[in-house]
Amino acid sequence: MPVDARILSEKTVAPLAAARSFVKNLHTPAHILVAISGGSDSCGLLLALHEAAAEMGQERLHLSAVTVDHALRAESADEARKVATLCAELGIPHFICRWGGDKPVSGLSEASRLARYRLIAEVARETGADLVVTGHTIGDQRETVAMRAARNGGSDNLGLSGMADAVLYDGRHWVMRPFLRCERQAIRDYVSSRSRGWFDDPSNENTRYERVRVRQTLLVSPVRIDAETSFKRQALSETTAAFLRGHTQVFHAALARLPGDSVNPDLPAFRHGLATLIATLGGRAYFPAASSFERVLRFLDKAENGRLTVGRVLLDRRRDGLYMFREQRSLPELHIGAYEQMLWDDRFFVKNGSAFPVHVKARRASNAAEAAALFPSVPVGVAKQAMAGLPQIAVAADGPVSWVETVTITPRLAPFDLFLPRFDLELANAIANLFGRAAYPQPPV
């Protein structure tokens, strides 16, 4: 059975050519951490980068490798050791990380993915790697687009742009995909030509997984990747960033205001910017669901004053503009121990730098004078409610008077802080600026 549904009209690249192009455009000197599972794609990536790096010179490019043993199959530990042997033969430092502990009964694929990224990032941090690379192929891209299209076939589905060639993980580690235009069979042919082998994971044939079912469907009904969708997504990100910079005010990372003349549901940049603000203010990694967002747009189309709640965010439309802030419901309380950091309400990182425990809860909403001082030029009713969505810190009774100087509160940008595709980098930096955060780092390619 063929490995991929090939689309001859798509422009693909040979594996070694892809690796050479990648390192040529890389800012050097650089330390690349290669994520290698032992499968054909990641083995091909390691071999091709090793060959390309040798041509460039070790003083400009250093390779390391990491294998995550998910401990889901009896053979996985032995496979990781054999990958280590391959790396030793190539003179590449190699690290094995094991995903220990109990595994979830449901959502195993997503849990495995998150564990894999977390463990790889730990190695990247410990080794000082400048970037991580993975072996995702054009076949993986087709499967991703097909799965996202099945969930939402609308032309406004940003997921149809597929995987980005670069993703920023945890705000600090760029994960790049040099083989995103390479066919899997071409990679296997390249690995075989170097007298090397690979391991086939039996889960890749298990139809209980959505990706496997889609892969099998693509053998019969292939799809073509439209490169224009990724360009359109990046263009939308850039125009939305410009729109937000020109029209949006954000106060204390808790209250956003759009002036009345900028509320235009027919404008794509407004719609995308509004969805981004709602997700960020609500502490949600994903934008509002299509049905919920349609309800928001219908509300705004009426051009009448009123209120609506979506994604834990209250939209309050008034004569002078549209105000958005966290609704006063289900706001948590936290106890943070000495020198610990925790996430409050999915919206703020609270770091306790004192030797005393602190208590975090929502602020009172009744003090109109304090609210007016915090949010000047904002209607008092809006200011009081926005203030209630801010964290308030209290220290233990025996704590020092100066404790407040040791507690720091930093906004979390939920749509971007864990996974930020290159498509959305400019938009993410516009949000970071509005919410008082430093800009995200630029990719090394």
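1. Basis of the note. This is a predicted model, in which local features need pLDDT of at least 70 and side-chain atom pairs count only at pLDDT 80 or more, whereas totals for chains, interfaces and linings use all residues. Residues are numbered from 1 along each chain as its sequence is written, and side-chain values use heavy atoms, with hydrogens and water left out.

2. Cysteines. The sulfur of Cys97 lies 13 Å from that of Cys87, the closest cysteine sulfur, which is too far for a bond. A disulfide is taken as a pair of cysteine sulfur atoms within 2.5 Å, and by this rule the count is zero. Cys43 is likewise in no disulfide: its nearest cysteine sulfur, that of Cys87, is 8.4 Å away. Cys43 is counted as buried because its relative accessibility is 4%, and Cys97 is counted as buried at 12%. Here buried means under 20% relative accessible area, exposed means over 50%, and partly exposed lies in between (1.4 Å probe, protein chains only).

3. An unreviewed UniProt entry lists Ser37, Gly38, Gly39, Ser40, Asp41 and Ser42 under "binding site". UniProt positions are given in the numbering used here, feature names are shortened, and annotations may be inferred rather than shown by experiment. Helices (H or I, at least four residues) and strands (E, at least two) are DSSP runs, numbered from the N terminus.

4. Asp41 is buried, at 11% relative accessibility. Leaving aside residues up to four places away in sequence, Asp41 touches Gly135, Thr137, Asp140, Phe179, Arg184 and Ile187, where contact means heavy atoms within 4.5 Å. Ser42 is buried at 7%; with the exclusion of residues up to four places away in sequence, Ser42 touches Ala35, Ile36 and Ser37.

5. Helix H6. Arg184 and Ile187, both among the contacts of Asp41, are also among the buried residues of helix H6 (residues 184-193), together with Arg188, Tyr190 and Val191. Viewed down the axis of H6, the buried residues fall within an arc of 160 degrees, so they line one face of the helix. The arc is that of the directions from the helix axis to the C-beta atoms. After H6 comes Ser195, whose phi is positive, near 60 degrees.

6. Aromatic pairs. The structure holds six aromatic pairs. Rings of Phe, Tyr and Trp (its six-membered ring) pair if their centres lie within 6.5 Å; planes under 30 degrees apart count as stacked, over 60 as edge-to-face and the rest as tilted. Tyr117 and Phe419 form an edge-to-face pair, 5.0 Å centre to centre with 80 degrees between the planes. This pair links distant parts of the chain, Tyr117 in helix H4 (residues 108-127) and Phe419 in strand S18 (residues 419-421), 302 residues apart. Tyr169 and Phe419 form a tilted pair, 5.4 Å centre to centre with 50 degrees between the planes. Tyr169 lies in strand S5 (residues 166-169) and Phe419 in strand S18, so the pair ties together parts 250 residues apart in sequence.

7. Tyr117, Tyr169 and Phe419 form one aromatic cluster. Tyr117 is buried at 13%, and Tyr169 is buried at 8%. The charged end of Arg113 sits over the ring of Phe419, 4.6 Å from its centre. The criterion is that NZ of Lys or CZ of Arg is within 6 Å of the ring centre and within 35 degrees of the ring normal.
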